[in-house]
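Work through these exercises with the model open beside you. Try each task before reading its solution.

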Amino acid sequence: MSNIAIIGLQWGDEGKGKIVDVLSDRFDAVIRFQGGHNAGHTIKVDDKTYKLSLLPSGLVRNKFSVIGSGVVVDPIALFKEIKSVEALGLTISNENLAIADNCALILSIHRELDNLLESQKGDKKIGTTGRGIGPAYEDRCGRRSLRICDLLDDNILQERIENLLFYHNLLRKSLGAKEVRVEDIINELAPIKERLLSYAKPSFEIARILKKKKNVMFEGAQGALLDVAFGTFPYVTSSHTVSGQVALGSCLGVGDLHKTLGILKAYTTRVGFGPFPTELDNEIGKFLQVEGGEIGTVTGRDRRCGWLDVVLVRQAIQLSNVKEIVLTKLDVLDKLEEIKICVGYEVDGKEYDYLPANCALWDKIKPVYETIDGWNETTVGAKSLSDLPQKALNYIKRIEELCAIKVAIVSTGPKREETIIVSEL
Ligand code: IMP
């Protein structure tokens, strides 16, 4: 078995979906191990665009795909997504999709709570995707969640819902929201119950199937800087997005992950609020936003844009034990005269080579930049390093030097074939 994890090295939207799709041909199974339908993976194949949120990207190539136990599952969103990809010609069945039966469910109460809590926060909003991800993970930690396996027995389900609503109704009352009754949740689950159970399998059984596969890919969602513990807390998602989570959320264990590939966009973006030291609130930021099509796949919000921040990328590489990098969206930089890379921070005259945990310092960070010549030539669709201008090669080389890591793949456009394989994985 040779198993690889794909991890985003920034605040998500690094282009993981395309890379999972390009590589999944070499793998026998693709597994999601965290997050939920807050993720947005866009895959372009010929004239078709697949927008995936919860489904593993491996399904686009009909690979055996797993929604692992670390994922929170919104059944309504799941079936909507299945319908949308089936309309594009894919077939999804329990032959090619398995969902761990201990996944926690996202219900309407989680979506409502996510939005209610955000609306109370004034200028302290996180800017969540509003999908109920945070409240669903909170319920799992609080041992209140409904899990898919709870749908197997009506008495257990009733008990679990009562327990869940005891907590939610207390909270809802204090937020001025209507009380929810047990029947409301039972009615919500009734139309999706049997169908959801048809995909469900015990984690152990999924592990047994996966152990028989030669090569498995673990598909990360979001990025390292949104990790609930190691990201820019509290402006983070509610799951672990670093490679350690593979062992906790994929149905497989620690020794089953053999290598981690980090996905790095050639510049930086983030959606939602929170610190962003290299953000460009000027015409270059706007250029990156327009040229890179930086609009959130899930929320439709404009992404904030800025220069590549090697300080944060080094942290992300270290956290996930990343061995090689895939550099994406290089072509977006084609028309720039000069390109900057942030190589350090200065705060009140003191130098930092990491993001200080004290958030009172975040607004005072002055990025220290290195300036590189732009190449002013198109790299769109380049398929080999020899197709790239020398100055673009210099940019790649400088990233390798600053991050002490090798760039194994360069992506030069959204399509499968717009990819340079620099070295075999
Ligand atoms: P939540 O995951 O919906 O709770 O949102 C928490 C933060 O993570 C917000 O800033 C979101 O914009 C961000 N976020 C969640 N999922 C993604 C993603 O797939 N790409 C980029 N940002 C994300």
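**Exercise 1. Classify the aromatic pairs.** How many aromatic pairs does the structure hold, and how are the rings of Tyr352 and Tyr354 arranged?

*Solution.* The structure holds three aromatic pairs. Rings of Phe, Tyr and Trp (its six-membered ring) pair if their centres lie within 6.5 Å; planes under 30 degrees apart are stacked, over 60 edge-to-face, and the rest tilted. The ring centres of Tyr352 and Tyr354 are 5.5 Å apart and their planes stand at 75°, so this pair is edge-to-face.

This is a predicted model, in which local features need pLDDT of at least 70 and side-chain atom pairs count only at pLDDT 80 or more, while totals for chains, interfaces and linings use all residues. Residues are numbered from 1 along each chain as its sequence is written, and side-chain values use heavy atoms, with hydrogens and water left out.

Next, check burial. Buried means under 20% relative accessible area, exposed over 50%, and partly exposed in between (1.4 Å probe, protein chains only). Tyr352 has 12% relative accessibility, so Tyr352 counts as buried. Tyr354 has a relative accessible area of 41%, so Tyr354 is partly exposed.

Now take Trp375 and Tyr395. Their centres are 5.9 Å apart, with 45° between the planes, and the pair is tilted. The pair links distant parts of the chain, 20 residues apart. Trp375 sits in the loop between strand S18 (366–373) and helix H12 (390–403), and Tyr395 sits in helix H12. Helices (H or I, at least four residues) and strands (E, at least two) are DSSP runs, numbered from the N terminus. Both Trp375 and Tyr395 are buried.

**Exercise 2. Find a charge over a ring.** Which residue lies over the face of Tyr167?

*Solution.* Apply the rule: NZ of Lys or CZ of Arg must be within 6 Å of the ring centre and within 35 degrees of the ring normal. Arg144 lies over the face of Tyr167, 3.4 Å from the ring centre.

**Exercise 3. Describe the second largest pocket.** What lines the second largest pocket, and which helix gives the most?

*Solution.* Start with the terms. On a 1 Å grid over the protein atoms alone, a pocket is an open set of points with protein on both sides within 12 Å along at least five of seven lines; in a cavity a 1.4 Å probe fits but cannot get out; lining residues have an atom within 4 Å of a point. The second largest pocket holds about 350 Å³ of space. Its lining has 16 residues, and Lys51, Ser53, Ala77, Lys80 and Glu81 lie nearest the centre. Strand S4 (48–52) and helix H2 (75–86) each supply at least two lining residues. H2 gives the most, with six.

**Exercise 4. Inspect the largest cavity.** Which residues line the largest cavity?

*Solution.* The count is one cavity of 30 Å³ or more. Pro75, Ile76, Ile106, Leu107, Glu188, Leu189 and Ile192 line it. H2 and helix H6 (182–189) are the elements that give two or more residues to this lining.

Key. Points joined across faces, edges and corners; volume = space filled by probe spheres on them.
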